[in-house]
Amino acid sequence: MFRGPAIALMLTAGLCAGQSPFEARWKFLTQSLSKADLYRLLWDVPKGGDIHNHHEYSVPMTFWLERAAKGDYQTRVRPGCGETLPWTVLRSDSVAALPACAQRDFAPMRALTAAQRRAWLAAITLSEREAGKATSKDEFFERAVPRLGDLERDPQLIADALVVAQQQLQSENALYLETQADPRSFPGLSADQGAEVLRLRLAQPDSIATGVAVRMQVSTLRFGARAEADLRDGFAFVSRNMDLWRGVNLVGREDNPAGAPARFAATLRGLRAEYPQVNLSLHAGESANADSNVTDTISLGASRIGHGINARLDPKAMELLRTGRYMIEVCLMSNRALGYVPDLKRHPLPYYLRQGIPVSLNTDDRGILRSNLTDEYFAAVTQFNLTWDEVVRIGRWSLEYSFAEPELKRQLLVRYEQNVLAFERKYAAPDWKHRLAEVPEPRRNAAGPP
Ligand SMILES: [Zn+2]
């Protein structure tokens, strides 16, 4: 049952009176708690949505390891026969289509030794040692991402991974998952049949029990030769499946000039004219160097920008962003790990936030990065000294700027404000220390041996 109007009135009253009465308590908590207790508090902080993440790379890689071992999957246990990337996973029928010499490099996932399982996990995750280096982008895009191979095209696994992702967010007190999950390339299924597999999975009791609503975007690899055709197909697909799919994204490395925003101007102009409801959130400005990609991307019609790190170097982009009409989807852990912002102290998040530019905190690829949504909050609070008002605003923005349809958005916002009030009451009460100790042990997404 929702008690929206009453809560909205209380909140408005609080805002009119100025600073939240919880602000002083927040300052006390964040300045006096140990690191471990602060992490536990932030685990418990009400969160809105994680609205920028890539579905396949958002669940623990142990999920894929375990599920591949139960299916008909093989992995390349050594490089050889012209292929240099070990640990790629293929279905047995894909392996059978390879030249004979290449087939000999594969072993069934279910037959891997403990050492091979560890090596597989190490190959597909970004270790602390690799994070933030000049080579980490290549490690991520060229080696970790392709290794899931045929697993990404298994409709049942993709559907089951959605529920794992919901459960992850539920445990971190978040309400909404907006993920880039694309059912258009499942072998033997049409795009709409693929969508139906995911739709049915989200109607199962274990999915509903999480209380985490799911909406999705399809994504187009920006520098691919067929990118324009794929965008057209993506718009048509979303417009047919708007109960769950709400938008389209452009993904892929921005240091490849073949995927520059200008390439898509004419195509997107046509698609916007044809499809009134399809939302656009595009990766842009995932770069430490100045360019006009964020400005160009806003002019393509995007209402949300993925990363937007270099927008601060583009006065035109800043002018547009300060209107408050566009959101920047910030992904701190990803930006650090991939070396775009190796020292988070230099991240533009506070610069954006404190000029009134809407921002959200998101996990991007938490499975590969071995991070979670709380890590994003922990980094933001400890690096930038976020006020309680800022923490609450970031969560609220993540729902307000989400692509959820109006009625779902309204419900999520009501639940969010309720959770905020409950959190404030809990940690303003005299027994707050007991209540903090009762918060379930935070679950890091560590990809150790299963
Ligand atoms: Zn991304």
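## Helix 3 and its packing

The buried residues of helix 3 pack against helix 2 (23–32), helix 19 (373–384), helix 21 (406–428) and helix 22 (432–437). Helix 3 covers residues 35–44, and its buried residues are Tyr39, Leu41, Leu42, Trp43 and Asp44. A residue is buried if 20 or more other C-beta atoms, placed from the backbone, lie within 10 Å of its own. Helices are DSSP runs of H or I with at least four residues, strands are runs of E with at least two, and both are numbered from the N terminus.

## Basis of the model

The model is predicted: local features need pLDDT of at least 70, side-chain atom pairs count only at pLDDT 80 or more, and totals for chains, interfaces and linings use all residues. Residue numbers start from 1 along each chain as its sequence is written.

## The chain as a whole

The chain holds 22 helices and eleven strands. Its radius of gyration, taken over C-alpha atoms, is 22 Å, close to the 22 Å that the globule rule gives for 450 residues, so the chain is as compact as a globular protein of that length. The globule rule is 2.2 Å times the number of residues to the power 0.38.

Of the 450 residues, 46% count as buried.

## Two domains

An automatic or database assignment sets the domain bounds: domain 1 is 40–60 + 151–417, and domain 2 is 65–145. Twelve residues from domain 1 and 17 residues from domain 2 make up the contact, where two residues are in contact if their C-beta atoms, placed from the backbone, lie within 7 Å. On the domain 1 side, helix 16 (332–337) and helix 18 (366–369) are the elements that give two or more residues.

Terms used
Buried ≥ 20, exposed ≤ 12 C-beta atoms within 10 Å, placed from the backbone.
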